[in-house]
Amino acid sequence: AAPDIMGISTNTTRTGVNVYFTTDQLSKAVVYYSSSPLVTYERENSVDVSGLVAMTDSAFHTSQNVSITGLTPNTVYYYTIIVTDQNGNVSVWGPNNAFRTSVQ
């Protein structure tokens, strides 16, 4: 079964964000983000997402933290989370959840 994505939260700064969440099984995570709404394209055995990408490290975890830097202050960013377990099962959360970077 594909992993469940749970407990999603963000912690923003002026020019960055940390996206925290957990999965119910060991997984690798990718966060796609953009200041424009994201578009997802479902394909057989894969999903393509518009926007930029940030990844966790190459190890499998149940507790995830994806750090994104170099963002513009006081800007709304849209994001989606894609996780893949050790068996190749994929879960997608999103695509257009949002956070705003801090003013200061």
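In which sense do strand S3 and strand S4 pair, and over how many bridges?

1. Ground rules. This is a predicted model, in which local features need pLDDT of at least 70, side-chain atom pairs count only at pLDDT 80 or more, and totals for chains, interfaces and linings use all residues. Residues are numbered from 1 along each chain as its sequence is written, and side-chain values use heavy atoms, with hydrogens and water left out.

2. To take the opening question: strand S3 (residues 40-43) and strand S4 (residues 46-49) pair in the antiparallel sense over 4 bridges. Strands here are DSSP runs of E, at least two residues long, numbered from the N terminus; two of them pair if DSSP finds at least two bridges between them. S3 and S4 form a hairpin with 2 residues between them, and Asn 45 in the turn has a positive phi of about 70°.

3. Thr 23. This residue sits in strand S2 (residues 16-34). Thr 23 counts as buried because its relative accessibility is 5% (buried is under 20% relative accessible area, exposed over 50%, partly exposed in between, with a 1.4 Å probe and protein chains only). Its side chain reaches the backbone oxygen of His 61 at 3.4 Å. That is a polar contact in the sense of N or O atoms within 3.5 Å; within protein, one atom must be able to donate a hydrogen and the other to accept it, and residues adjacent in sequence count only if both atoms are side-chain atoms. Leaving aside neighbours within four places in sequence, the contacts of Thr 23 include Pro 3, Ile 5, Gln 64 and Val 83 (contact means heavy atoms within 4.5 Å).

4. Gln 64. Here we are in strand S6 (residues 61-69). With a relative accessible area of 2%, Gln 64 is buried. Its side chain reaches the backbone oxygen of Ser 27 at 3.0 Å, and a polar atom of that side chain lies 2.8 Å from the backbone oxygen of His 61. Apart from neighbours within four places in sequence, Gln 64 is in contact with Thr 23, Ser 27 and Thr 56, among others.

5. The aromatics. The whole structure holds 3 aromatic pairs. Tyr 77 and Phe 99 make a stacked one, 5.7 Å centre to centre with 20° between the planes. For the cut-offs: rings of Phe, Tyr and Trp (its six-membered ring) pair if their centres lie within 6.5 Å, and planes under 30 degrees apart count as stacked, over 60 as edge-to-face and the rest as tilted. Tyr 77 is in strand S7 (residues 76-85) and Phe 99 in strand S8 (residues 90-100), 22 residues apart; both are buried. Tyr 79 and Phe 99 form a tilted pair, at 5.6 Å and 55°. Since Tyr 79 lies in S7 and Phe 99 in S8, this pair ties together parts 20 residues apart in sequence. Tyr 77, Tyr 79, Trp 93 and Phe 99 form one aromatic cluster.

6. Asn 96. This one is also in strand S8, and at 35% relative accessibility it counts as partly exposed. The side chain of Asn 96 reaches the backbone nitrogen of Leu 38 at 2.6 Å. Not counting residues up to four places away in sequence, Asn 96 touches Pro 37, Leu 38, Tyr 78 and Tyr 79.
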